Amino acid sequence: MRRLLCILLLMIAATAPARAIVTDLSNKRIEIRYSFDGAELILFGAVGATAINTLYDKYDVVIVVRGPETPTIVRRKERVGGIWVNADNIRFPAAPGYYAVAATRPLEEIASPIAFASYGIGFKNLPLVADSGRGLMRPPPEFRDALFRLRAGEGLYRQEIDTVSVVDEGLFRTDIHLPANVPIGEFLVETFVFQKGSMKARHRISLHVDKEGFERAAYSFAHDMPFLYGLMAVFVALGAGWLAGVLGKK
């Protein structure tokens, strides 16, 4: 496997125009069907025509995968009379539906927080805004942290859970894990090369996730004609209840 990966990377580097870094994915299109239970991808790359001597100069690779933005509501719960009830809530109009960061080392060992903030690397550096009902605002830290916890619990946010492995001189790879509940749409996969705390090179590629077959037809029907889809769902539920009643009497 390692030998095959090295050969693929060398072929890409040889055929691509001279650039600081080259990356590619084992699969750039993920099709979601009824049996979809997640996907495992490999991102591989090579550090090429840069001021970095990959044999003698130490460098780090940071990979950020960002999914399509989706509106999300985060609620704060309070205990009233022994019962937990919803209290304040904040709506994030455009929060990444998927977000993952992988690196060769812990981020704090690669560069300063200011360096990562300038490139939007890391969940804390995402330019999130919140809608409180009275206009857009900077989200309070507790709601921002709650968003991360919720998405991380669903397997949709993976910050520094995965690592980037240097497999040979100038060659690297990492695994990208997409859960079964991954949102559909266009994903941006961005790779950064850091050296001595400074960003030296970056490269972007796209990943597309979409529904196929019956799942795509049902999804399109629900979004294009929500009223008819709702009526059909009601009739199906009534029909299933009637059938269950008839069978129960036999």
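Confidence was considered before the details of the fold. The average pLDDT of the chain is 79, and 69% of the residues score at least 70. Among the elements of the chain, the highest mean pLDDT, 95, belongs to strand β7 (residues 99-103), and the lowest, 47, to helix α1 (residues 2-15). Over residues 5-19 the pLDDT stays under 50, and the model has 17 contacts beyond four places in sequence for these residues. A pLDDT below 50 is also found over residues 214-222, a stretch with 14 contacts in the model beyond near neighbours in sequence. Where pLDDT is low, predicted coordinates should not be read in detail.

The largest nonpolar core comprises 54 residues. Within this core, V62, I176, L178, V189 and L207 have the most contacts.

The largest pocket has a volume of about 310 Å³. Its lining consists of 13 residues, and those nearest the centre of the pocket are F123, K124, P141, R144 and D145. Helix α3 (residues 141-153) supplies the largest share of this lining, with four residues. By residue class, the lining of the largest pocket contains eight nonpolar residues, four charged residues and one polar residue.

Terms used
Residues are numbered from 1 along each chain as its sequence is written. This is a predicted model: local features need pLDDT of at least 70, side-chain atom pairs count only at pLDDT 80 or more; totals for chains, interfaces and linings use all residues. Side-chain values use heavy atoms; hydrogens and water are left out. On a 1 Å grid over the protein atoms alone, a cavity is a set of points where a 1.4 Å probe fits but cannot get out, and a pocket is an open set with protein on both sides within 12 Å along at least five of seven lines; lining residues have an atom within 4 Å of a point. Grid points are joined across faces, edges and corners, and a volume is the space filled by probe spheres set on the points. Helices (H or I, at least four residues) and strands (E, at least two) are DSSP runs, numbered from the N terminus. Ala, Val, Leu, Ile, Met, Phe, Trp, Tyr, Cys and Pro count as nonpolar, Asp, Glu, Lys and Arg as charged, and the others, Gly among them, as polar. A nonpolar core is a set of buried Ala, Val, Leu, Ile, Met, Phe, Trp, Tyr and Cys residues joined through side-chain atoms within 4.5 Å. Buried means under 20% relative accessible area, exposed over 50%, partly exposed in between (1.4 Å probe, protein chains only). pLDDT is the predictor's confidence in each residue, from 0 to 100. Contact means heavy atoms within 4.5 Å.
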